[in-house]
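Try each task before you read its solution.

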Amino acid sequence: MDNIYKPFNVKIVDIIEETPDTRTFKLEIIDKLLKDNFTFKAGQFAEYSVYGEGECTFCIASSPTRLDYLECSFKEAGKVTTAMRKLNVGDTMGLRGPYGNYFPLEEMEGKNVLFIAGGIGLAPVRCVIWNVLDLKERFKDITIVYGARSVADLVYKNELESWKQMEGVKTIVTVDPGGETSDWKGEIGFVPAIVEKIAPSGDNTVAIICGPPIMIKYTFPVLEKLGFTEDNMITTLENRMKCGLGKCGRCNVGNVYVCKDGPVFTYKQIKLLPDEF
Amino acid sequence: MKEVLISYNTIKETVAKLLNKEWNVITPSPDGIRYTAITSSDEINLAGDQRPTNISVKEFFFPKTDPVFYFKKNQSEVELIDAVLNDKKNLFLGIKPCDAAGIPVLDKIFNWDYKDEFFNSRVNNSVIIGLACSYSDPQCFCTSVNLSPDSTKGSDLFLIPVDNSGFRLQVITEKGSAFLKEFGALEETSGPAHPKNSTVPDKKFDYDKVKNWLDNNFQSDFWKGKGELCLGCAQCAFVCPVCHCFDIIDESCGYECGRRVKNWDACQFGLFTKHASGHNPRNDQSKRYRQRINHKFKYYDDKFGEILCTGCGRCSRDCVAGIDIGEILAEINTF
């Protein structure tokens with residue numbers, strides 16, 4: 001019997017402590033045949049299992065251009081993520097996926113790309129960032145705006161540094177007012193305000209946005225003022241999901257299931273949804 | 001449609017044959033609470049005038065708790081063991097039309113993309129014999145949602161009482177036809193027209209009118225009054241033949257083994273949509289109640305072309321807070 005709820009096993013091969021409450025796991029699919037055939041597109045998510053504790057929904061944070069490993073980043077927030085914090089390199093987890101739709105990379109080719117992320121919301125965006133950077137010649141100017149509550153809360157700190165060094169990539173990092181350290185050299189301000197400050201033009205540019213719902217809600221009007229079209233503002237809704245397959249009803253918003261019709265949505269599509277996400 | 005006359009005794013004999021062959025035979029229990037498997041052909045219940053059971057037949061196809069696999073841990077390795085489903089054949093005898101109709105409605109969500117074989121294998125192993133209904137109370141509204149007391153939707157075979165000892169048996173599906181071939185030696189015949197059911201519920205509302213209002217009034221203050229009554233106990237979802245939201249959780253038996261199960265869940269619970277961050281898109285009962293009505297009478301229809309309700313009235317009969325869904329829809333109908 002084909003069991004759509006059964007995961008395949010993955011091994012934790014590396015753990016990176018991003019912040020006091022956030023970690024990145026590097027996972028390897030155990031079954032060789034599955035591993036060789038596994039593929040996904042930027043924006044898709046998976047259901048990660050800690051056997052005995054349950055399943056949790058995270059985006060796949062690594063790029064589909066690098067399929068040796070899969071990465072997920074998570075913040076310790078509930079039952080399963082607390083259990084994940086107790087796992088070690090060598091432990092077995094489960095994975096179901098990839099699920100959901102994905103960012104329209106092909107349609108973004110030949111355009112400028114503006115990445116906007118807040119807090120742990122950088123995880124799904126990071127997947128697209130590396131996907132774009134690995135195929136850099138297909139895109140024009142790349143801008144990354146990332147912010148977190150404080151310096152300690154910034155994730156992927158090493159990668160932020162490497163993006164800053166890259167040619168053709170403009171990287172701006174900000175922390176909320178009050179979150180800066182005495183030697184902080186980046187911006188200070190909420191992400192939507194910083195986007196307004198650097199004022200990138202919406203002309204021939206696609207914006208990819210992810211972060212806390214309130215950050216997304218305040219960023220859209222800023223981008224509209226800068227001339228971004230509704231189809232060129234793309235976000236990913238990290239709703240509460242469970243089955244990932246459009247059956248359990250948890251992520252049903254209006255006529256859509258976030259796990260099937262999303263999680264990637266354009267601003268145009270978001271405007272059609274009832275305000276319930 | 002092929003139709004035969006069948007006596008009560010023939011049905012009893014057939015049931016005895018099936019029980020001997022290790023079939024499950026399931027009918028409404030005499031106490032009216034749920035559908036139960038019987039152990040003798042004396043226990044069959046073909047009372048079409050009985051109130052719908054408190055709990056629908058859904059639990060046989062979509063159980064309250066459904067193990068999806070088991071796991072065994074050994075150091076840092078984990079072995080997954082498939083859940084094996086009972087492959088006994090089931091005969092559902094004397095099912096209310098408002099229950100049988102739920103099965104094709106549930107089929108949409110469980111098969112629209114990924115196929116849920118837990119649901120499918122149970123349906124495939126079952127033959128549904130519906131029974132025309134002669135019960136009606138103020139909570140019934142099957143006729144308002146495109147059904148009726150003699151609707152054959154979801155049934156493989158359908159019984160209509162003719163007199164005290166017999167029924168007209170209608171063959172609805174191939175599966176029903178195959179079942180008759182295997183177990184019945186019946187003559188095709190034309191008999192007297194069956195008496196009109198005098199207890200057909202009046203239409204409580206015009207569905208198209210209600211749907212049109214739902215399409216355009218998401219932000220209405222109407223929901224505030226209704227939601228405040230609701231306790232969020234979710235009985236309505238649990239007794240319903242077509243509500244299908246579920247949770248997936250792990251249960252451990254000690255450190256080294258356990259199972260993953262699907263459990264009934266409901267959008268009426270406060271935690272249903274709460275994010276780990278604490279953000280809850282439906283953070284009060286009015287929003288949750290609005291979701292119930294919108295999902296059942298708008299979203300499911302928009303997406304799958306089926307109303308997620310069979311008008312059985314169970315949720316209204318058993319609501320502790322006295323919320324009557326038919327009355328709410330009738331009120332919307334007046335706007």
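Helix axes here are lines fitted to C-alpha atoms over the stretch in contact, and angles run from 0 to 180 degrees between N-to-C directions. Helices (H or I, at least four residues) and strands (E, at least two) are DSSP runs, numbered from the N terminus. The model is predicted: local features need pLDDT of at least 70, side-chain atom pairs count only at pLDDT 80 or more, and totals for chains, interfaces and linings use all residues. Residues are numbered from 1 along each chain as its sequence is written, with chains lettered from A and ligands numbered from 1 in the order in which they are written.

**Exercise 1.** Describe how helix H3 and helix H4 of chain B cross.

*Solution.* Start with the geometry: the axes of H3 (residues 102-111) and H4 (residues 117-124) of chain B come within 10 Å and cross at roughly 145°. Next, take the contacts (C-beta atoms, placed from the backbone, within 7 Å). H3(B) brings B:Ile103, B:Leu106, B:Phe110 and B:Asn111, which meet B:Phe119, B:Asn120 and B:Val123 of H4(B).

**Exercise 2.** Find how strands S4 and S5 of chain B pair.

*Solution.* Strands pair if DSSP finds at least two bridges between them. S4 (residues 65-74) and S5 (residues 77-82) of chain B are antiparallel, with 6 bridges. Within S5(B), B:Glu79 stands opposite B:Lys72. Then look at the turn: 2 residues lie between the strands of this hairpin, and B:Gln75 has a positive phi near 55°.

**Exercise 3.** Locate the domains of chain A and their separation.

*Solution.* The bounds, from an automatic or database domain assignment, are 8-99 for domain 1 and 105-236 for domain 2. Their centres, taken over C-alpha atoms, are 24 Å apart. Finally, 15 residues of domain 1 are in contact with 15 residues of domain 2.

Notes: Two residues are in contact if their C-beta atoms, placed from the backbone, lie within 7 Å.
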